[in-house]
Amino acid sequence: MSEYQHTDAHHLASAPVVVGVDGSEPANIALTWGARLAVQRGRGLRIVHGTGAGGLRASVGGLWTGMAPALDKVRTHGTELVGRAEQEVRRAEPAVRISTEVSESAPAPLLIQHSSTAYVVVIGASGTNAAAGHVGSVLLAVTAHAHGTVVVVRTDPETEDVTHADGPVVVGVDGSPASEAAIGAAFEEAAERAAPLVAVHVWSDLRLTRYAGLGDFFSPLDNVEDAETALLAERLAGWQAKYPQVTVDRQVHLADPATALQRWSATAQLLVVGTRGRGRFAGAVLGSTSNSLVQHARCPVMVVHPSE
């Protein structure tokens with residue numbers, strides 16, 4: 001166990017795996033993934049559902065009494081939904097310790113609240129409010145504003161596997177504080193899974209293409225690769241010393257981190273990224289690379305928030 005695990009609240013024995021459910025198929029897949037993780041790590045599983053009734057109660061004001069029967073049905077539906085989810089988990093993973101919660105909070109604030117004390121928050125790749133081709137606003141809000149680690153359970157549409165059962169853990173490295181937190185989490189995951197780790201460093205966020213006739217322009221950049229490879233090795237050295245059992249493959253690419261990591265997601269069992277990239281825009285809570293991967297990767301994506 002690494003030093004930060006002794007003091008990190010997310011690694012306390014009481015910290016559960018928290019899974020948000022809404023009755024959708026992606027949420028059900030996330031529930032299965034989260035339950036398996038809870039069993040493997042010896043942790044409790046907390047199944048939560050936010051009805052959003054509290055916000056509705058505040059917005060309707062004096063009309064609440066007349067709407068109470070309808071809103072009671074909303075809570076009943078949520079209770080039944082969570083009950084079915086619990087039954088499914090007990091059938092598949094009878095050893096897991098389960099607790100449940102149906103809250104009047106909206107889904108995103110509920111999951112963000114739990115992220116402060118959860119071992120990890122697990123959510124599906126989309127929900128019942130998702131627009132075609134993109135994840136729902138709940139997913140983006142939670143991955144951007146959580147106070148701990150969030151896993152978006154994405155599946156690979158080109159294989160029969162729901163999620164990849166094997167393959168490496170892949171981490172994106174860019175030198176930012178969020179990236180450093182992601183490196184630590186990736187080493188921990190690789191050690192827990194007895195999997196190799198691939199550290200992918202892309203030294204430019206630009207999207208560059210080697211058009212014909214521009215080879216002379218890009219040729220000086222070849223000299224940068226050696227320096228960037230050495231820098232990557234330096235960034236990994238401390239973590240490698242803490243996790244000597246983890247085999248590390250260092251990969252350096254010229255540009256376009258989202259595309260490079262997207263390619264690795266085709267064979268990875270888990271992709272680990274930080275919340276921000278090298279940009280320092282105040283509103284860029286979830287960096288463009290992380291944003292792209294939680295929507296388009298072909299394996300589960302772990303988004304790691306650095307300690308506040």
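Author: Start with Arg46. In this predicted model, Arg46 counts as partly exposed, at 22% relative accessibility. The cut-off for buried is under 20%, so Arg46 does not count as buried. Its salt-bridge partner is Glu101, with the closest N and O atoms 3.3 Å apart. Glu101 sits in strand β3 (residues 98–103) and Arg46 in strand β2 (residues 45–50). The pair therefore ties together parts that are 55 residues apart in sequence.

Take Arg41 with Glu189. Their closest N and O atoms are 2.9 Å apart. Arg41 belongs to helix α2 (residues 25–41), Glu189 to helix α7 (residues 177–193). This contact thus ties together parts that are 148 residues apart in sequence. Both Arg41 and Glu189 are buried.

Arg41 also forms a salt bridge with Glu192. Here the closest N and O atoms are 3.8 Å apart. Glu192 lies in helix α7 and Arg41 in helix α2, so this pair ties together parts that are 151 residues apart in sequence. Arg41 is buried, with a relative accessible area of 15%. Glu192 is partly exposed, with a relative accessible area of 45%.

Last, the total. A search of the whole structure finds eight salt bridges, among them Arg41 with Glu189 and Glu101 with Arg46.

Key
Residues are numbered from 1 along each chain as its sequence is written. This is a predicted model: local features need pLDDT of at least 70, side-chain atom pairs count only at pLDDT 80 or more; totals for chains, interfaces and linings use all residues. Side-chain values use heavy atoms; hydrogens and water are left out. A salt bridge is a side-chain nitrogen of Lys or Arg within 4 Å of a carboxyl oxygen of Asp or Glu. Helices (H or I, at least four residues) and strands (E, at least two) are DSSP runs, numbered from the N terminus. Buried means under 20% relative accessible area, exposed over 50%, partly exposed in between (1.4 Å probe, protein chains only).
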